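Please read them with the structure open.

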Amino acid sequence: MTYEFTPARRTVLAGSLAATLGATLVGTRAAADAPASSAAAATGPFHVVDGLIDTSDENALGLPPAANAETVTIFAPGDEDLKFNHGVVLIPFAGRLYAQWQSSERDEDAPETIVTYAVSEDGLTWSEPIALTEPRADGYTSSGGWWTDGETLVAYLNVWPASLEPRGGYTEYVTSSDGVTWSDPQPVTDADGNPVLGIIEQDTRALPSGRLLTAFHVQPGLFVKPYYTDDPLGLTGWTQGEFENQPNVPGEMSRELEPSWYVRPDGAVVMVFRDQGGNTMLKLGAVSEDDGETWTESELTNVPDSRTKQSAGTLPDGTAFLVGNPTGTKNRYPLSILLSADGVSFDVGYGLRDTDDLQERRYEGQYKSSGYSYPKSVLAGGYLYAAYGTNKEDVEYTRVPVEDLSLRSVPEQLERPTAWADSGRRLHVAWDPATGEGDSPVTGYVVTATSRSGRSVEVSVGANERRTTITGVHPGRYQVSVAAKNGYGAGEASEPSAWVVVTGRPAHPGEH
C-alpha cells in the first residue's frame with residue numbers, strides 16, 4: 001500500500017478570523033439564554049458558569065473567536081468520490097499526522113461503509129484517502145480511532161454485523177510499524193483473552209499513570225461502559241470499570257452514550273456523555289478516583305449539548321477542555337471550546353468555527369446534516385487539533401496553539417541576570433528570584449548560555465539556587481538568560497545578560 005501527497009483542497013481561517021489574527025484571546029461573560037432547567041441541573045461533577053454561553057446567538061453562542069485558530073480541509077469529496085465522511089480522528093505518528101474516518105457513497109452507515117485514512121507531513125498538505133478496510137458482506141465497518149505506543153500505530157475498527165439484534169457490534173484492530181503496511185484484523189480482547197463484544201469509542205488515551213482508558217458500547221445493544229487496560233498497545237487486557245447505567249431503551253441502549261474524558265488537577269477522571277434518552281439537551285458526567293476502575297453514577301450537568309459526540313481532554317498545564325456544539329438544540333454549529341482551570345467550573349470559552357463560516361452541503365444523503373459533527377481532539381506540536389466531519393461530508397480540523405488556551409500560569413519573567421567568566425571553560429551566572437510564581441510554587445530555574453555563533457548550553461538548577469556555574473563551555477562570546485519554572489512549565493526567559501568572553505585558557509599560578 002502506497003500513497004502520494006497532494007495539495008489540500010481547502011485551507012481557511014476559522015470563523016473568518018483574518019481580521020482578528022494576532023489579537024489577544026479573551027474570555028466572555030455574555031448573557032446566557034440556556035435551557036430553563038440549566039441552573040437547577042448544575043449538580044453534576046462540572047458546570048458552565050452563568051453568562052458564558054448565549055444560546056440565543058445561533059452564530060457564535062456569544063463566544064469570541066479563537067484568534068489564532070486555523071482550519072484545514074483534509075478531504076473534500078467531488079462527484080466521483082465517496083460523499084459521506086464522518087467520525088474523523090487524528091493522531092501523530094513517526095513525525096506525520098494521520099487522519100481516520102468512515103466513508104460511504106452517500107448515506108450514513110450504509111452497507112458499503114469503509115474506514116479510510118490520510119497522511120500529512122506538515123498537517124497542511126494531505127494524501128488522498130486510503131482505504132483501510134473493504135466493504136463487508138455481513139454488515140459494515142466504522143471508524144474506531146487510533147492509538148500508538150510510539151513504535152506501533154493501532155487503528156481500531158468498529159464492526160457492525162447486519163444480523164445482530166438489537167443493533168450493536170464488536171471491535172477489531174490492525175497495526176502498522178510504518179503507517180503504510182497493515183496487519184490483518186484481529187479482535188480487541190479483554191483481560192481473559194476473549195473478544196470485547198462492544199463498539200469502541202474513538203477516544204483511547206493514556207492516564208497520567210500510563211493506563212489506557214476509553215469506553216465500549218457493549219452488547220446486547222449499545223450500553224456504554226468505561227474500559228481500561230495496562231497493555232501499552234491497547235490490544236488486550238481491557239477491563240470493564242464498575243459503572244451503573246441509567247436505562248434508556250431497555251435492552252437496546254443506555255442513556256449515556258459516546259463519552260470523552262479529562263483529568264482534574266486532583267487526579268480524578270471525569271467522563272463526559274451525551275444524554276441520549278433523558279429528554280434534555282445537556283451533558284452528563286461521572287467521576288473515577290481510582291484510574292477508571294470504579295465510577296460514580298452519571299449526573300446531569302448544566303452544560304448545553306446538541307446530543308452528539310464531544311471531545312474532552314487536559315492540556316499540559318492541567319487546563320480541562322470541552323470541544324463540541326453546546327447549543328442546547330440539535331444544531332451541530334457553531335463549534336466551540338470551553339476551558340476550566342480546576343476541571344469543575346468552565347468559565348472561559350472561544351469559538352472555533354461559527355455559523356457564518358459553515359460551507360454549504362453539496363450532496364444529499366440519509367442522516368446527512370449541516371454542522372461540525374463528532375469532534376475528536378489530539379495534542380501535537382504545540383497545538384490542540386480538533387477534527388470533525390463538516391456537514392458529514394468534508395474531512396476537516398481546526399487547530400489552536402496550546403499556549404492560547406492554557407489557564408494555569410507559569411512564573412513571571414525574571415530580571416536580567418549577571419554573568420561573568422574567569423579562567424578556563426567556566427561561565428558563572430547569578431540572578432534574583434522570581435517575583436511571581438504563577439499558579440504553583442517555583443520548582444527550579446533553567447539557565448541557557450548562547451554564543452554569538454548560535455551554540456547553546458542549558459542547565460537546570462533547584463528552586464533555592466540563585467547562582468550556578470556552567471562548566472565545559474566552548475570558548476567564545478556568550479549571553480546568558482534564566483527562566484523560572486513551576487509545575488505548569490517554564491516562564492518566559494529573562495533578557496540576556498551582557499556579553500561574556502569564555503577564553504578556555506587555564507588559570508595562571510595564583511589565579512582563582
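1. Does valine 303 count as buried or exposed? Valine 303 counts as buried because its relative accessibility is 1%, where buried means under 20% relative accessible area, exposed over 50% and partly exposed in between (1.4 Å probe, protein chains only). The model is predicted, so local features need pLDDT of at least 70 and side-chain atom pairs count only at pLDDT 80 or more, while totals for chains, interfaces and linings use all residues. Residues are numbered from 1 along each chain as its sequence is written, and side-chain values use heavy atoms, with hydrogens and water left out.

2. Valine 303 lies in strand β24. Apart from neighbours within four places in sequence, valine 303 has contacts (heavy atoms within 4.5 Å) with Phe46, His47, Val48, Met281, Leu282, Lys283, Leu322 and Leu338. Leucine 222 is 81 residues away from valine 303 along the chain, and their C-alpha atoms are separated by 24 Å.

3. Strand β24 belongs to an open sheet of four strands, ordered β21-β22-β23-β24, with antiparallel pairing. Strands here are DSSP runs of E, at least two residues, numbered from the N terminus, and two strands pair if DSSP finds at least two bridges between them. The edge strands, each pairing on one side only, are β21 (256-263) and β24 (299-304). From one strand to the next, the twist averages 35°; axes are lines fitted to C-alpha atoms, and angles run from 0 to 180 degrees between N-to-C directions. Six bridges hold the antiparallel pair of β21 and β22 (residues 269-275). Tryptophan 261 has methionine 271, in β22, as its bridge partner.

4. Two of the contacts of valine 303, Leu322 and Leu338, are also bridge partners, with leucine 338 in β27. Strands β26 (residues 320-324) and β27 (residues 335-340) run antiparallel and are joined by five bridges. They are part of another open, antiparallel sheet of four strands, in the order β25-β26-β27-β29. Its edge strands are β25 and β29 (348-353), and its twist averages 20° from one strand to the next.

5. β25 and β26 pair in the antiparallel sense over four bridges, and glycine 313 has phenylalanine 321, in β26, as its bridge partner. The two strands form a hairpin with five residues between them, and glycine 318 in the turn has a positive phi of about 100°.

6. The largest pocket has a volume of about 820 Å³. A pocket is an open set of points on a 1 Å grid over the protein atoms alone, where a 1.4 Å probe fits, with protein on both sides within 12 Å along at least five of seven lines; lining residues have an atom within 4 Å of a point. Volume is the space filled by probe spheres set on the points. Of its 32 lining residues, Glu108, Arg167, Glu258, Arg274 and Tyr374 lie nearest the centre. β10 gives the most to the lining, with three residues. The lining divides into 10 nonpolar, 10 polar and 12 charged residues; Ala, Val, Leu, Ile, Met, Phe, Trp, Tyr, Cys and Pro count as nonpolar, Asp, Glu, Lys and Arg as charged, and the others, Gly among them, as polar.

7. The second largest pocket has a volume of about 530 Å³. It is lined by 27 residues, with Arg205, Ala206, Ser377, Val378 and Leu379 closest to its centre. By class, this lining has 18 nonpolar, six polar and three charged residues.
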